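Hi everyone, thanks for making time for this.

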Amino acid sequence: MNLTKRFYALNLLTVLGAVALTLLGSVIFMAFYTKILGRETRLDEMARAFEVKRSLQQIKNEMQPYTFEQLAGAAVQQELSLRARASGAEAVLVKNGEALYATISLNQMDLAKLLLLTDNTPEQDSLVIDGKTYFYERITYRLTSGTNGALVLLAAVQLNTDFYKLLGLLAAAIFILSLLLLNAWVSYRFSKAIIRPVARLKDAAAKISEGDLSGGIAEEGEGEVRELGKTLEIMRIRLKESVHLQQKYDENRKFLVSSISHDLKTPVTSIKGYIEGILDGVARTPEKTREYLETARSKAVLVNTLMDDLLLYSSLDLNQLPYHFEPTDLARYFEDCAADNQYEFQQAGVSLELVAELNQPVTVRMDRERFKRVVQNILDNALKYSDKPQGRVAVILRETRTSAIIEIQDNGRGIPESDLPHVFDRFYRVDAARKNASGSGLGLAIAKQIVEGHEGSLWARSEPGEGTRMMISLKKC
């Protein structure tokens, strides 16, 4: 229930509670007044009053079918007299300001009071005639001559007005006091459930606006206030995460600039040095000049590769590189990959073999061109570190119930345990001497980004001196 409905519901319950307490207080007062003070006659008077009222209503219902002309007849008047006498009531038939028939003697003043009852004045509970209190009922007739007629039924009752006045004052006092107390309780509840939590939310929002995101926002209050607190807490957490992420991006950017500067400085310095050597005449022979130029060209190629890898990694990191996924037969795809790299491996004296341990054809969804970059980067690393006389690289295909597993295994020098958790970091090289590195340092980082873009996983297992195993997991179609 929302706060508006709760507010109206509580106010309605307040009024109903005040009425219930008033009735309860009145009953207790009457019980105290009659039982403890010995005033049982007050209850008897009340019971008799209700009985008289019911008797008058019964007589009125019995006389209702008769017309005014019939009531003026002797037979009906006789029946009316008997019925009224049996109930201890009186009857008066009035027409044109005169009493045509009456079972009670009336003076002029009393008759005037009865005549007022034949007008369209509001009906009262009782009236006083000759010093006595009477309950009454009336039936009013509009006669054809344009005059008014009425049958007035009277019954004398004895009422202690002081008692009823006291009861009325007490009931009014109980009602007002109960209403005030219940309203105070409702105000306290709303203050506890709404005003205080809103004040605390205001303070929390002020801290957030000042950049202080350390303090949590408690979910308190009721209804919309509680939901507001929950929403503000979610907003605070997301703002804190965004600030942390921004700080991380800033740190990454600084690291990126530092790493790029370092990796670009070495080949650019080499290019500059070789060109200056040519210009200064250090390379005196055509063969030496060609050697210098070839070295400068290879360093320029390295710079170009670094820039290409950096642009690719930046696009992957910002999720700006589109993928074109299509169902692909795993075994056939890696047969093509092995064939594309076979010549290069043969030239390096390293064997490359494909081992398919699949029970049946396995299909995965992949971007074939992007995934080739993953395979190429891993194979390049495997070839680079295969420094044994009988170098061997194997691409092994396996499957589980839901995934395809690609393992690229080499028998090279392996990766030290301390370096293994960092091999997928940007610009991280296992070689301590970065200046001797021929790659960009982004190959495995790019491979990991592309695999994760395929909703897959890439991880490494290695033992120094035994070789390295790169494992890729992809979902099967």
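Before I name any helix, a quick word on the labels: helices here are DSSP runs of at least four residues, and they are numbered from the N terminus. With that in mind, Asn-377 lies in helix α10. And do remember throughout that this is a predicted model.

Is Asn-377 buried or exposed? Its relative accessibility is 9%, so Asn-377 counts as buried. If we leave aside neighbours within four places in sequence, Asn-377 is in contact with Gly-443, Ile-446 and Ala-447.

Let's move to helix α9, which covers residues 330-348. Even so, α9 has a kink of about 45°, centred on Gln-342.

Look at the two ends of α9 next. At the start, a side-chain oxygen of Asp-329 comes to within 3.3 Å of the backbone nitrogen of Ala-331. Just after the helix, Gly-349 takes a positive phi of about 75°.

Now, which residues of α9 are buried? They are Leu-330, Tyr-333, Phe-334, Cys-337, Ala-338, Asn-341 and Phe-345. Here is a general point that helps in reading that list: an α-helix has 3.6 residues a turn, so residues three or four places apart point the same way. The buried residues of α9 pack against several elements, among them β6, β7, α10 and β9.

The largest has 45 residues, and Phe-334, Phe-371, Ile-406 and Ile-472 touch the most other members. Which element gives the most to this core? That is α10, with seven residues. As for Ile-406, not counting residues up to four places away in sequence, its contacts include Leu-330 and Phe-334, along with Val-395, Met-470 and Ile-472. There is also a second, separate core of 22 residues, which includes Ala-84, Ala-89, Tyr-141 and Val-157.

How many disulfides does a search of the whole structure find? The search finds zero.

Trp-459 sits in strand β11, residues 457-463. With a relative accessible area of 26%, Trp-459 is partly exposed. Beyond four places in sequence, Trp-459 has contacts with Phe-424, Arg-469, Met-470, Met-471, Ile-472 and Ser-473. Trp-459 and Arg-469 are ten residues apart in sequence, and their C-alpha atoms are 8.6 Å apart in space.

In the loop between α11 and β11 you will find Glu-455. This residue has a positive phi of about 60° although it is not a glycine. Glu-455 is exposed, with a relative accessible area of 57%.

Last stop: Thr-140, in strand β4, residues 132-142. Thr-140 is partly exposed, at a relative accessible area of 40%. Its C-alpha atom is separated by 6.6 Å from that of Leu-151, eleven residues apart along the chain.

Technical notes
Residues are numbered from 1 along each chain as its sequence is written. This is a predicted model: local features need pLDDT of at least 70, side-chain atom pairs count only at pLDDT 80 or more; totals for chains, interfaces and linings use all residues. Side-chain values use heavy atoms; hydrogens and water are left out. Buried means under 20% relative accessible area, exposed over 50%, partly exposed in between (1.4 Å probe, protein chains only). Contact means heavy atoms within 4.5 Å. The expected span of a helix is 1.5 Å times one less than its number of residues. The bend at a residue is the angle between axes fitted to the seven residues ending there and the seven starting there. A polar contact is a pair of N or O atoms within 3.5 Å; within protein, one must be able to donate a hydrogen and the other to accept it, and residues adjacent in sequence count only if both atoms are side-chain atoms. A nonpolar core is a set of buried Ala, Val, Leu, Ile, Met, Phe, Trp, Tyr and Cys residues joined through side-chain atoms within 4.5 Å. A disulfide is a pair of cysteine sulfur atoms within 2.5 Å.
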